[in-house]
Amino acid sequence: MKKMLSAAGVALLTALTAVFAFGQPAQAATGFSVSNGRLYDANGTEFVMRGVNHAHTWYPQQTSSFANIKALGANTVRVVLASGDRWTTNSAADVANVISLCKANRLICVLEVHDTTGYGEDGAATTLAKATDYWLSIADVLKGQEKYVIVNIGNEPFGNQGYSAWTTDTSNAIKRLRAGGLTHTIMVDAPNWGQDWSFTMRDNAGTVFNADPQRNTVFSIHMYGVFDTAAEISDYLGRFRTAGLPIVVGEFGFNHSDGNPDEDAIMSYAQTNRIGYLGWSWSGNGGGVEYLDMTTGFNPAQLTSWGQRIFNGANGIAATSREASVYSGSSPSPTTSPTPTTSPSPTTSPTPTTPPTSTPPPAGGCTATLTVVNSWQGGFQGDVKVTAGSAAITGWTAKWTFANGQTVSQAWNATVSGSGSAWTARNVDYNGRLGAGASTTFGFIGNGSAATPAVTCTAS
């Protein structure tokens with residue numbers, strides 16, 4: 001996304017079917033990997049991105065945004081960085097801090113260089129080769145973070161001119177990153193301001209995928225005015241699914257200067273087909289597209305209509321997001337996730353982790369520990385880890401009592417109910433079965449002062 005995209009022109013879909021030839025992807029040993037068109041985390045659990053874009057490079061002081069995005073249910077944040085070719089360089093130390101903020105808030109970080117936006121048409125934009133130079137220059141802070149970080153080489157790397165070079169330039173960038181020792185899953189954006197109306201990425205994705213010696217590349221389409229009908233959306237994404245190539249919607253909005261994207265169809269198709277999506281953007285837009293802000297002034301208590309739609313609407317983040325199992329330790333993911341009881345409105349900032357409390361269960365039962373991972377004036381975020389005892393279990397129920405009138409306003413990965421000060425959480429369909437010693441987690445937003453009451457756990 002740039003401040004204002006150029007008109008994408010006529011978005012005619014052809015009847016030509018892209019034929020992709022590629023070998024079996026190699027599984028990464030330490031981080032995310034791709035297999036048969038799906039993305040898997042380091043535990044071998046399928047991961048479907050549900051999140052938003054955050055313009056960190058222009059608003060580096062807005063570090064609380066990571067906790068706020070997480071509190072609204074996201075599992076991923078795509079972070080805008082700059083290589084120094086157009087905007088001020090994000091240093092290695094700053095990138096390391098961004099990664100630590102993602103990890104502290106149990107988010108997967110998709111890091112992208114924005115300086116490439118619209119190259120060939122925008123004279124201020126830089127090349128994918130220069131973006132690759134930047135990634136290699138900060139390789140030391142990226143290595144070892146493969147479980148938590150995906151490297152998005154360059155944002156919208158070509159405009160509507162010169163985009164025929166996309167296949168070669170993207171392939172070369174991937175090869176250089178691999179030669180430089182980066183084993184992360186790599187994400188690549190489409191040309192044509194990310195919207196690929198020329199089908200350059202669609203028709204050459206197999207070639208680019210095969211250029212990666214690790215077969216660990218994900219393709220990203222940005223959906224704005226070019227994708228204003230359900231037919232266009234399903235046709236484009238469906239061709240990647242048929243070809244067995246991984247695709248995500250790396251940016252999209254509910255409106256745009258070049259047309260009116262069909263956000264309902266984007267989110268519905270993505271949910272039905274387990275395709276990730278990352279909406280644009282959390283806050284801070286300019287250049288005439290301020291309406292794409294999800295929050296007013298980075299305040300999560302002031303969601304815009306777009307923010308309400310993407311977080312709390314049908315097929316939205318709150319209803320469909322699942323935390324990466326590298327954080328939760330949960331079993332293979334389902335196609336849907338539970339809907340929280342109500343939408344949260346905290347203004348959060350990271351705080352030191354509070355030591356958990358627990359009550360031991362009988363042998364073969366389960367334990368539960370509650371940890372406060374964030375707090376703010378009038379509220380807090382709690383995580384509860386449920387662990388099976390010496391034998392496998394098929395279900396669990398966790399209970400606790402708040403001492404000072406605290407309540408739960410939102411929960412995920414569990415069905416939570418309260419009666420007075422007593423609260424009960426029960427497993428949902430995908431995380432009740434745990435092997436001996438295995439764990440899963442659920443989370444909640446609490447109203448009132450942060451608290452860590454003892455939690456009991458009953459297994460079935």
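This is a predicted model: local features need pLDDT of at least 70, side-chain atom pairs count only at pLDDT 80 or more; totals for chains, interfaces and linings use all residues.
Figure 1. The protein chain holds 11 helices and 22 strands. Of its 460 residues, 59% count as buried. The accessible surface of the chain comes to about 15,500 Å², and carbon and sulfur atoms account for 51% of that area. Where contacts join residues at least 6 apart in sequence, 75% of them are between residues at least 24 apart.

**Figure 2. The aromatic pair of Tyr 119 and Phe 158.** Searching the whole structure gives 22 aromatic pairs. One of them is formed by Tyr 119 and Phe 158, edge-to-face, with 5.8 Å centre to centre and 70° between the planes. Tyr 119 belongs to the loop between strand E5 (108-113) and helix H3 (128-137), and Phe 158 to the loop between strand E6 (149-152) and helix H5 (166-179), so the pair ties together parts that are 39 residues apart in sequence. Tyr 119 counts as partly exposed, at 30% relative accessibility, whereas Phe 158 counts as buried, at 3%.

**Figure 3. The rings of Phe 227 and Tyr 236.** The ring centres of Phe 227 and Tyr 236 are 5.6 Å apart and the planes lie at 80°, so this pair is edge-to-face. Both Phe 227 and Tyr 236 are buried.

**Figure 4. A cluster of aromatic rings.** Phe 380, Trp 396, Trp 400, Phe 402, Phe 442 and Phe 444 are linked into the cluster by ring pairs.

**Figure 5. Arg 202 over the face of Phe 199.** The distance from Arg 202 to the ring centre of Phe 199 is 4.0 Å.

Methods: Residues are numbered from 1 along each chain as its sequence is written. Side-chain values use heavy atoms; hydrogens and water are left out. Rings of Phe, Tyr and Trp (its six-membered ring) pair if their centres lie within 6.5 Å; planes under 30 degrees apart count as stacked, over 60 as edge-to-face and the rest as tilted. Helices (H or I, at least four residues) and strands (E, at least two) are DSSP runs, numbered from the N terminus. Buried means under 20% relative accessible area, exposed over 50%, partly exposed in between (1.4 Å probe, protein chains only). A charge sits over a ring if NZ of Lys or CZ of Arg is within 6 Å of the ring centre and within 35 degrees of the ring normal. Contact means heavy atoms within 4.5 Å. Accessible areas come from the Shrake-Rupley method with a 1.4 Å probe; for residues, only the protein chains shown count as cover.
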